[in-house]
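I opened a notebook page for this model. My plan was to look at the places where its parts meet.

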Amino acid sequence: MTNRFDTLFARLADEGRPALVTYIMGGDPDYDTSLSIMKALPEAGADIIELGMPFSDPMADGPAIQMAGQRALKGGQTLARTLAMAKAFRKTDTDTPIVLMGYYNPVYIYGVDRFLDDANAAGIDGLIIVDLPPEMDGELCIPALEAGISFIRLATPTTDDKRLPAVLANTSGFVYYVSMTGITGSAIADTGAVGEAVNRIKGHTPLPVCVGFGVKTAEQARLIGRDADGVVVGTAIVQAIVNSLDGDGGSTSDTVAAVTTLVGGLAAGVRAARLEAAE
Amino acid sequence: MNKPPEPNSFRTGPDEQGMFGIFGGRFVAETLMPLILDLQDKWNQAKTDPEFQAELQHLNTHYTGRPSPIYFAERLTEHLGGAKIYFKRDELNHTGSHKINNCLGQILLAKRMGKTRIIAETGAGQHGVASATVAARFGFPCHVYMGATDIDRQAPNVFRMKLLGAEVTPVTAGNGTLKDAMNEALRDWVTNVESTYYIIGTAAGPHPYPEMVREFQSVIGKEAREQLLEIEGRLPDMLVAAVGGGSNAIGLFHPFLDDRNVQMVGVEAGGKGLDTDEHCASLTAGSPGVLHGNRTYLLQDGDGQIEEGHSISAGLDYPGIGPEHSYLKDTGRVDYVPIMDTEALEAFQLLSKIEGIIPALEPSHALAEVIKRAPKMRKDQIIVMNLCGRGDKDVFAVGKRLGFEM
């Protein structure tokens, strides 16, 4: 079976640049707009799409992504609709890896087996479930791997060398390094320290290491992209959506363009990352 | 729900993974996992360390005022005309509720772990006050997260926390109640994980919290057992306690769980009725799910989104429940029943008039169940109810509800 992650990272290695990983909340601000944004992302320069599954109690997220989830839920988004969104995207894009990101409870209530079947049918490549550490691998990680879906683990500044092997053990696709101890959308960490951490993780795994939490600008994407195999941007994209909405929180004719403009700039950032590093 | 097999003992949980049957566990972000494992180590050392136990016992005796009395409510018993009713009077503790039992234990652990800052969530404010109290006693800065709705209805406790030197942050997300305060405390914790100890106020959250909080609260049940054996020469027929997150209830129940003749009743907040959206009866009307680090019964919709609870009592206003209660429900060892806001209000007033004790709204729920059950029991039977908090904090809210201008 072709693994979209392997194909992508092999191609990017040839191009000599890191991946741009973009996060959007499924159904924010409404299903149709969210699907239009998703479809526009690859063209704008996104290499991997993280599709957020809204949850009422996102304990690891800052205000921007909390509000995005609230808008999506208010607009009637459910896990079934998020899967439907991915499936609709796959009809026209068979290459861009899709990672579903969220919290365990909606998946648990949907039913793990049914979820994995439907995720496969929708062309999902990977899962990031924030509140499932390796200690809980039996819940979803192992069944997902058996179903052929990658389980992408978060490694954090608190994950020391002793713990890293356990965190990496069942990880596939890529490793997501969280640049700081904190919630999404906080201020950017010291980029030098992030680079060291990325290289430390690379000492333990052949998997690509992508870095997220706190990357907001093209310049930050360029700096992080020197060491990382991918740069994840979430809050800044969600914020661009918010800034384009009308007074009632509805989408406008500017909403999709607001995202593609931002992503275009970020894409230029990651494409410049290794140019300077090579100098 | 599939009923788990009846175990030889109900007192052996949790297992090494922190599970009580299918409930409990460690559903937290990776950032917190190393800390959770460190906490587990320190807790495992502390629980068998005589020095730790001696220090805790000394504080319980001289700071909290333990043992709390067990009190025969003679006039209430006469009024109801059935079983003899005893109150375990944890409302007489320093700070006015059972919450201090847990906070003292946890702050000693925080000290052992070398942490320098305390955070806590609070609903009614009792846990916030108890956390602020122990933080003041041990010289830690303390930050309490409290839902904006709860800040309005529990103003006296907000001022108490500030007097004790704590910073109180209002949480406006969601309905601005306990669940939202807990989310915000978790966000703080994940951000300040190196310096900060999170004192969770109830027997819920990721392992080892449910076990740890239960052990600190079990002093209630251990004392009650000894005290009743001394007075009556036998064990009670029934234990009754209110359950929000369930720490006072598990504290009373746990030492009796293997005394199969002792019946146990946990009383949930039925709010405005289980046929409405406005209640907090997660065990009676919820289903198993994962929230705040553990799998347990939750109020949630078909998509796994957590629903907001409602109760007149801020301390019971939580859509989840400690995982051990979920296990005790499914095994059938404990009965869980709802009590409505109006029933709790009546019980609140009755106890004030008939025994001269103003109870908190939380144990008023337990009392309302006692009022239903005692008359149906024989006069030689005994009920022990956990009177886990005093009502001073509630007089303004109840006064308003009863139309009294203050």
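First, a rule: I count a salt bridge when a side-chain nitrogen of Lys or Arg lies within 4 Å of a carboxyl oxygen of Asp or Glu. The model is predicted, so I noted that local features need pLDDT of at least 70, side-chain atom pairs count only at pLDDT 80 or more, and totals for chains, interfaces and linings use all residues. Side-chain values use heavy atoms, without hydrogens and water.

**Entry: chain A against chain B**

I looked up the salt bridges across this interface and found three. In one of them, Asp57(A) meets Lys179(B), with N to O at 2.9 Å. Contact (heavy atoms within 4.5 Å) takes in 34 residues from chain A and 35 residues from chain B. The buried area, meaning the accessible area (1.4 Å probe) that two parts lose on being put together, summed over both, is about 2,700 Å². Carbon and sulfur atoms give 53% of that area. Asp57(A) turned up again here: with Met59(A) and Thr158(A), Asp57(A) supplies 20% of the area that chain A buries against chain B.

**Entry: the two domains of chain B**

An automatic or database assignment sets the domain bounds. Domain 1 of chain B is 42–59 + 97–206, and domain 2 is 64–94 + 217–400. Their centres, taken over C-alpha atoms, are 22 Å apart. I read off a buried area of about 2,600 Å² between these domains. His98(B), Arg153(B) and Lys179(B) lose the most area on the domain 1 side, together 24% of what that side buries.

Which residue forms a salt bridge with Glu308(B)? I found Lys179(B), with the closest N and O atoms 3.5 Å apart.

Terms used:
Residues numbered from 1 in each chain as written. Chains lettered and ligands numbered in written order.
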